[in-house]
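Look at the structure first, then read on.

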Amino acid sequence: MEINAKELTVVFSRDGEAKKTALSGVTLHLKGGAAAALLGPIGSGKSTLLRTLAGLIKPTSGSVTVDGGEGPVVLAIQEPQRGFFAATVREEVAFGPENLDMEAAEVAARVDWALTAVDLKKERWTVSPFQLSGGEQRRVALAAALAMKPGFLLLDEPTIGLDGPGQTALITTLRKIKAETGIGLLVASHDPDFLFSLTQRVLLLVDGRLAADTTWGGLVEKVDTLRAYNLELPFLLSLLYRLEAAGAPVAAAQESEEQAWAELNRFCGERMKGGSGP
Amino acid sequence: MAPFFILDQVSYCYPGSLTTGVCQVNLVLEPGTFLGVLGANGSGKSTLARLCCGLLKPTTGQVLVDGYSTANEEELRYIYRQVGMVFQQPDNQFVAATVEREIAFGVENRTLSSEVIRQTVGLGLSYFGLETLRNADPHSLSGGEKRLLSLADVWVLKPKLILVDEPLAMLDPGAKQRITRFWQDLRDQGQSMIWFTHGLAEVLSADLVLVMENGRAVWTGPPGELLAMPEQARAWGITLPPATEAADRLGVKEPVVTNEDELVSVLWK
């Protein structure tokens, strides 16, 4: 599945308020089976872009086309628990598939699969979603999105309210689902470490415009641009960048978390063997 | 100084639930204290926050603010003025049609002159960088902007104690710096804060941290001591600072590292 966004512009106008341009001429090509990060300062248009790609907002000009593949484009919104309405967690997750005219047995199988995938304790499946903690509610909301078997999943700040183990479980789940189903992912977050562990491509949105379309290694070269917008590199890349700048024999431009760890381990290993210092 | 905020054997059971949300928590705070409450998802942090501000009443035990109890409806009016709560989901607390009216709402309910109200609202807008959004609908803001607005709403009321639930969620580094300065200013003015989170990095400058697990307070002490017991902290579901985790994984045992500057100087010295 592919999503093509061409020259997307979104202007919000409300009575009594000045018009606000939320997106301005954004052109994007997103491929299935790939994971991209959406970075940007607060209010830069990240949520608007996700909503427009999901078809929830009609662009003022420009177009979004979805080609090939099976399954819908599904957006998991910020604070998804605000949309909960069902009496139990199972019913909440079943609501989407039930509306696809599926057999009851198939709905049940999807619900089991989705709730297992997000690692929610089984004794919580039959309680009211409103009785769950914030982190558990995030998992239910993700399960509800996954139960739709999306071809493309758009996630808006998926780590809000998740603790460390919850974030690790989310990364494992999304990686597994991507490998098994070939789903495409676009993830907006203010947590560069989370994004670094999940994605390869990086889209930087500033004032509604696409300021960079690069990789994590490429982002290291744009560190001055990031700082100008008060944004940060992922911790591991920032550490490598600082070491490289201090004259240490390391290469900062690493493309993935695994590669960044390998480079740090190699550097530390050589230091242990008595390599030279500054 | 005399303690102004006391949790005395506080327990809470959700109606219809057999498990205890919060179980026999004790706490004494002096004015100007920064307390971090740490714990995994479902450990009881948010329930404890709601008990602290009087939104929930303890099933047993009592919450006292300046000697007034949250269990007493008459005394709650006083407590609501002294304790401000910033929720995890900011939308829950917005009532007005514009950002400016939203900040003004709480202030207008105090007997203040219109000039003082105007000044206070202006200060709140500028302090949290919301001037350009003053006429926007609070519900139309981005997630991060809503978070800043919810902090401004409470800040302008100058409560003695501010409770914040995961305040850094959805904020970019620029906004996070604002929040750090915000805390320093509160401390300078003798106001107290309780910061509920799972990330130790957020509360490293706290005077004290309290760790929750399954509704119980299982550990209390300075944040530095928690850094020195990383295995136990992880077992409680606490996220260690990224620099501490990286140092541990790279085999740096001494000294204890809490930030990037320290780790760079340890690795390349």
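Buried means under 20% relative accessible area, exposed over 50%, and partly exposed in between, with a 1.4 Å probe and protein chains only. This is a predicted model, in which local features need pLDDT of at least 70 and side-chain atom pairs count only at pLDDT 80 or more, while totals for chains, interfaces and linings use all residues. Residues are numbered from 1 along each chain as its sequence is written, chains are lettered from A and ligands numbered from 1 in the order in which they are written, and side-chain values use heavy atoms, with hydrogens and water left out.

Q: Is Leu239(A) buried or exposed?
A: Leu239(A) lies in helix H9 (residues 235-245) of chain A; helices are DSSP runs of H or I, at least four residues, numbered from the N terminus. Its relative accessibility is 0%, so Leu239(A) counts as buried.

Q: Which residues is Leu239(A) in contact with, leaving aside its neighbours within four places in sequence?
A: Contact means heavy atoms within 4.5 Å. Leu264(A) is 25 residues from Leu239(A) in sequence, and their C-alpha atoms are 9.1 Å apart. With those neighbours left aside, the contacts of Leu239(A) are Leu264(A), Glu260(B), Leu263(B), Val264(B) and Leu267(B).

Q: What is the area buried between chain B and chain A?
A: Buried area is the accessible area (1.4 Å probe) that two parts lose on being put together, summed over both. The contact takes 43 residues from chain A and 41 residues from chain B. Carbon and sulfur atoms give 58% of the buried area, which is about 3,700 Å².

Q: Which residue of chain B forms a salt bridge with Arg242(A)?
A: A salt bridge is a side-chain nitrogen of Lys or Arg within 4 Å of a carboxyl oxygen of Asp or Glu. The rule finds 2 salt bridges across the interface of chain B and chain A. In one of them the closest N and O atoms are 2.8 Å apart, and the partner of Arg242(A) is Asp261(B).

Conventions:
Helices (H or I, at least four residues) and strands (E, at least two) are DSSP runs, numbered from the N terminus.
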